[in-house]
Amino acid sequence: MAPELHPRSGRQPRGLARRFQRRPRGPRVCSTPPPSGACAPGSPVVTSAITTPLATTLRTHFGGALRRTDTGTTVTIGGWVHRSRDLGGLVFIDLRDREGLVQVHFNPHWTAAEVIAAASTIGVESVVLVEGVVAERPSEMLNPNLATGAIEVRATSIRVVGPAATPAIPVALDKEGKLPAEELRLRHRVLDLRREELQRAFMLRHRLMQVTRRFLSGQGYLEIETPILTKPTPEGARDFLVPSRVHAGEFYALPQSPQIYKQLFMCCGFDRYFQIARCFRDEDLRADRQLEFTQIDIEASFIGREDIIAMAEGLIQALWAEAGVAVETPFPRMSYAEAMERYGCDKPDLRYALEIRDESRVFAGSESGIIQAALTAGGRVRGIRVPGAAAWSRKQVDELEAIAKSAGAGGLVRLKAANGVLEGPLAKFLAAEAQAALGLADGELFLGVAGPDRVSSPALDRVRQECARRLGLVDERQRRFLWLLDFPMFEQDPDSGALTAVHHPFTAPNADDMAAYPQSPERWRALAYDCVLNGTELGGGSIRTSDPAVQSRMFELLGIGDVAEQERRFGFLLEGLRAGAPPHGGIAFGFDRIAMLLAGASSLRDVIAFPKTTAARALFEGAPSVVPAGDLEVLHIRTVEST
RNA sequence: GGGGGCGUAGCUCAGUUUGGUUAGAGCACUCGACUGUCACUCGAGAGGUCGCGGGUUCGAGCCCCGUCGCUCCCGCCA
C-alpha cells in the first residue's frame, strides 16, 4: 500500500503539487501569483488556476485575488456583499467573488460622504462594483483568516448593479457554521452555490475534467459523443423513456451508459475512445446515487486487461494529484473469490482487518441443531473475531444481529472469551479447546454466521463494517486502492438456476475456463475488473466479446436463445461485431463519486450543481412537473390515474 | 415497495416527556447610535397557518389517525 504522504492536512507533497500547479503563462489581470484559493484546513484542494485575462470592461481584478503586491493599484472589483460593518462614519464591506473575500473600506479620508452613506445601506448578497485603491492594512489590523487579509480596498465609489432581496438562506454562515436544511439548500440553490465550500468543489470538479481530457487525449484517446436519445436496453436498470412525436407509440431511451456505442467505435476503427458521458438510470436514489450521473467512459482496441489497468492507474494518479494527493501505483490486486472469502464482498475496505475465517471445523461436532442443519446442507460457519468487543452489551450485539438479519442471515453466532472461558448461547455445545481453535483471545468476541456463503458473506460484510465503525478502525487518512479481478461471468439464481451477467452481457469470459468446463458456465470467470478505494467502487470494466458467435452464445446462456430476439435487441451491436471487430475492452469511472471523494464531500449532491432529491425531484427548478394536455397529445401520450 | 430520523419566526434551534393564560432564544430583517471593524458593538421594533388535513378534549405545538416534504438505509441500481 502506498505510504500516506499528507493525511487530510491540506498540505501537498511538494514536487507533485508544483508540477500540477504550473500553468501556461498568459497575460494576467493581477500582478499577483495565482490566488491561493484560501484553502480551509482539511481540504485537499490545491488552487484554482487563472490562465486567461479576466479583466472586463466593467472590472479590472478579482477582489479575492488581490495581494500585498497589488498595493497602490487602482482597481475596480465586482462581487457580492458578503457581510458589512457600519461603525458610524466608517463602513467595511467584505466583498466576495469566486476567488474569495476582500475587505472594502469606506472612510471619510478617501471616500465622499454620499458614497459612505450609500455603502452603509446595501443589503447582503447584493452585487456591487467598487472602485478604489489597494492599500496595506495597518500592522495591527491584519486578518490572518483571510487570504487578502494583509490589504484592503480603499473605496472611492460604489455602485449597486444587482440589488438582492433578503436571502432566504444565509450565504455567510455564523460562527457555528451550521448549514440550513438540505431541502432549503436545494430549493435556494443559487444562494447555496455561492458558498466558498461549494465554489471550491466545483472548481475542483472542473479541474478534474480538464485533467481527464488532458491525460486521455495525451494517450491517443479520442473524445467522441454518443446519442442521448437512444434505444431502450432490455437489461439492467430501468430506462428513462422519451416519447417520439413523429412515430406514434414509439420511444427513445436515455442511455444507461454508452456501452454499445463505444464498442461500435472500436469496430469503426477509432481505436481509442473516451467521453465524459452523462448516464441515466431510473432507479431509487441514495446519497451516492443520482438519476443522472457522469462517467469517465473509456474503450480501446488491441488491448488486454493489463493495458487497461495500467492506463486506469495513470488516470487515477493524475486525478488524485490534481487534488494534491500522491497515489502510488501499481495497485494491489485480489481475486473476487478471495475478496468474498476474506471480506464477504467484492469491494473490500482494506483499511482495517477483521477478516472473515472459516470456523466450520470448530463447530462440526456441536450439538446445535441450527449449526448442524447449516453444515449438513453444505454450508459453513464463518465469522470474525472482534478485539475488545467481549465487553459489548447484550443490546449492542443484538443490534449487530439485526444488521446481519437484515442482510439475510438467520442469526448471529456470538461467543465471547473472558478469563479463558467461552460464553454465549452456543458455548455449551463446544469442546473445551474451542477457544484456542477459534484463536479467540480474552476480551475478543466471535461473531459468526452459519449457512451457505451466499447468505453468510453479505451478512458478515455488514457486521464487519459496523464493528470497524464502532471500534474506530476506519482511518480516514488512508487510501487503499485495489483491483478486484476474476469476477464470475454469471450469477445463478438459487431457485430457478437461471443465469444473469455479473458485469454485463458483452464481457468476455475467460477462455481457459470455457475450455475446461464447457458445460458449466456458472464456473466461468469473466475478464472483468473493478477499481476499489476504501470499500467504494470507483469504476469497473472488462475485455469484451469481439467474436459475434461467442456473443450470440452469451445471449443464449442469458436466456435470449432466439436468434430473431437477439437481432431485435442487440442487432446493431452484432452487426458491428460481424463487420470485423478488433479485440477490445474498456472501463468506466464514476466521475461524480471521484469528485465527491476528492472534494471531501459526503454527498454527491455537493458536487452536482442542480441535483435531485432522494425522491427524484429537482427542488430549484421544480421538475418533474405536469405538462399541458396538448403537449401530451402531440406525443400520443395519455396519462392514467395510478391505483 | 419497506424501515428509521427530521419538520416550531427568513435561518439555526428550545418548548412536546406530564395538554392549560398572550409560543421563546440567537442570527438575519427594519429604525436609531457608534471613526479600524472583520461573527463589530449597543438600544428599540417588527416578524408565527407550530408542514398539511382530520380526530380526541372544556382546551392541542404537545395525544391519536392520515397525508406531504426532506434525509439515511433495505429492496432496486446488467
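This note goes through a predicted model of a protein with an RNA strand, point by point.

1. Conventions. The model is predicted, so local features are given at pLDDT of at least 70 and side-chain atom pairs only at pLDDT 80 or more, while totals for chains, interfaces and linings use all residues. Residues are numbered from 1 along each chain as its sequence is written, chains are lettered from A and ligands numbered from 1 in the order in which they are written, and side-chain values use heavy atoms, with hydrogens and water left out.

2. Of the atoms of RNA strand B that come within 4 Å of the protein, 55% belong to sugar and phosphate. By class, this surface has 22 nonpolar, 18 charged and eleven polar residues, where Ala, Val, Leu, Ile, Met, Phe, Trp, Tyr, Cys and Pro count as nonpolar, Asp, Glu, Lys and Arg as charged, and the others, Gly among them, as polar.

3. Elements facing the RNA. At least two residues of the surface near RNA strand B come from each of β1 (74-86), β2 (91-97), β3 (100-106), β5 (151-162) and α3 (182-187), and the largest share, four residues, is supplied by α3. Helices (H or I, at least four residues) and strands (E, at least two) are DSSP runs, numbered from the N terminus.

4. Polar contacts with the RNA. A backbone N or O atom of G88 lies 2.3 Å from a phosphate oxygen of RNA strand B, whereas a polar backbone atom of L87 is 3.3 Å from a base oxygen. From E152, a polar side-chain atom lies 2.8 Å from a base nitrogen of RNA strand B.

5. T76 is found in strand β1, and its C-alpha atom is separated by 6.7 Å from that of L129, 53 residues apart along the chain. Leaving aside residues up to four places away in sequence, T76 touches L58, R59, T60, H61, L129, V130 and E131, contact meaning heavy atoms within 4.5 Å.

6. L146 lies in the loop between β4 (127-136) and β5. With residues up to four places away in sequence not counted, L146 touches L101 and R137.

7. The pair of helices α5 and α7. The axes of helix α5 (residues 196-218) and helix α7 (residues 305-322) come within 9 Å and cross at roughly 145°; axes are lines fitted to C-alpha atoms, for helices over the stretch in contact, and angles run from 0 to 180 degrees between N-to-C directions. On the α5 side L204, R207, L208, V211, T212, R214, F215 and L216 meet M311, G314, L315, A318, L319 and E322 of α7. The residues of this contact divide into nine nonpolar, two polar and three charged.

8. Backbone points to check. Most residues other than glycine have a negative phi, and most peptide bonds are trans. F302, which is not a glycine, has a positive phi of about 55° and sits in the loop between β10 (292-301) and α7. A cis peptide bond joins T329 and P330, with omega about -5°, and P330 is found in the loop between α7 and β11 (333-335). The peptide bond from A623 to P624 is also cis, with omega near -5°, and P624 is found in the loop between α17 (591-599) and α18 (629-634).

Terms used: A residue is near a molecule or strand if one of its heavy atoms lies within 4 Å of it. A polar contact is a pair of N or O atoms within 3.5 Å; within protein, one must be able to donate a hydrogen and the other to accept it, and residues adjacent in sequence count only if both atoms are side-chain atoms.
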